[in-house]
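Work through the exercises below with the structure in view. Try each task before reading its solution.

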Amino acid sequence: MKCAIDNQVMIRLLVGLGNPGPEYTATRHNAGFWFVDAAARTLRANLAPERGYFGLAARVNAAHGPVWLLQPMTFMNLSGKSVAALARFFKIAPGEILVAHDELDLLPGHVKMKFGGSHAGHNGLKDIQAQLGSADFWRLRLGIGHPGVKAEVVDYVLRKPPAEQREAIDKSIEQSVSALDLLLEGDMERALMKVHAKPPRPKPPPPPKPETPPAAPTNTAALKDST
């Protein structure tokens, strides 16, 4: 397979990782689902249950060919069952897959995209690697922050982030979705630049204008006396 970073491979499958069920919808571990929801809105796609792929899926006819969106409904540690079923049926190579997932090692609002590498203990990535037989797929790492203590990680990822953290994560997703056209074209270098671009610094406010001192009052009585 040719290397995707050489702009030779287009993304044909967008996967978001999370857990099914309303009790998990707003939890940090479902950040990947939030990305696919945003991508579906941008691409005007409607995710629907697909029993054969063990998840919610949608097909979009993009300019360069069909693209699939997928949210596995298998629970996180069996995500590969869903991804592999769809990828094998449509002959989608690992390098044509982008998996969006929550990332403990990045602060909320930070996002990184990378190709291949270790699953770093993420159960969703771990199962996808096992089911595909390859780690050579793209990952969109959506920062959720770390509780600071390893023993608290499970409870942390299964809790809702406070409002300011959720807003920061949503902004990182918005920035990632802005690179969709480049991802689907296979222009991975420019997509990386767009995903990793830092937001412009706000312009400093203009210095306050100096106050004009009030005019001295005119002494009309003195003026009359002088005449």
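**Exercise 1. Find what share of the chain's contacts between residues at least 6 apart in sequence join residues at least 24 apart.**

Solution. Start with the term: a contact means heavy atoms within 4.5 Å. Keep the contacts between residues at least 6 apart in sequence; 68% of these join residues at least 24 apart.

Two notes on the source. This is a predicted model, in which local features need pLDDT of at least 70 and side-chain atom pairs count only at pLDDT 80 or more, while totals for chains, interfaces and linings use all residues. Residues are numbered from 1 along each chain as its sequence is written, and side-chain values use heavy atoms, with hydrogens and water left out.

**Exercise 2. Count the salt bridges in the whole structure, then examine the pair Glu96 and Arg12.**

Solution. Side chains of opposite charge can pair when their charged atoms come close. The cut-off here is a side-chain nitrogen of Lys or Arg within 4 Å of a carboxyl oxygen of Asp or Glu. The search finds five salt bridges. One of them joins Glu96 to Arg12, with the closest N and O atoms 3.3 Å apart. This pair links distant parts of the chain, 84 residues apart. Glu96 sits in the loop between helix H2 (79–89) and strand E5 (97–103), and Arg12 in the segment before strand E1 (13–16). Glu96 is buried at 16% relative accessible area. Arg12 is partly exposed at 25%.

**Exercise 3. Where do the partners lie in the salt bridges Glu103–Arg141 and Asp170–Arg166?**

Solution. Take Glu103 and Arg141, at 3.0 Å from N to O. Glu103 is in strand E5 and Arg141 in strand E7 (residues 138–143), 38 residues apart. Both are buried. Now take Asp170 and Arg166, whose closest N and O atoms are 3.0 Å apart. Both lie in helix H5 (residues 163–177), four residues apart, about one turn of the helix. Asp170 is partly exposed at 33% relative accessible area, and Arg166 is partly exposed at 26%.

Technical notes
Helix = DSSP H or I, 4+ residues; strand = E, 2+ residues; numbered from the N terminus. Buried < 20%, exposed > 50% of the residue type's maximum accessible area, 1.4 Å probe, protein only.
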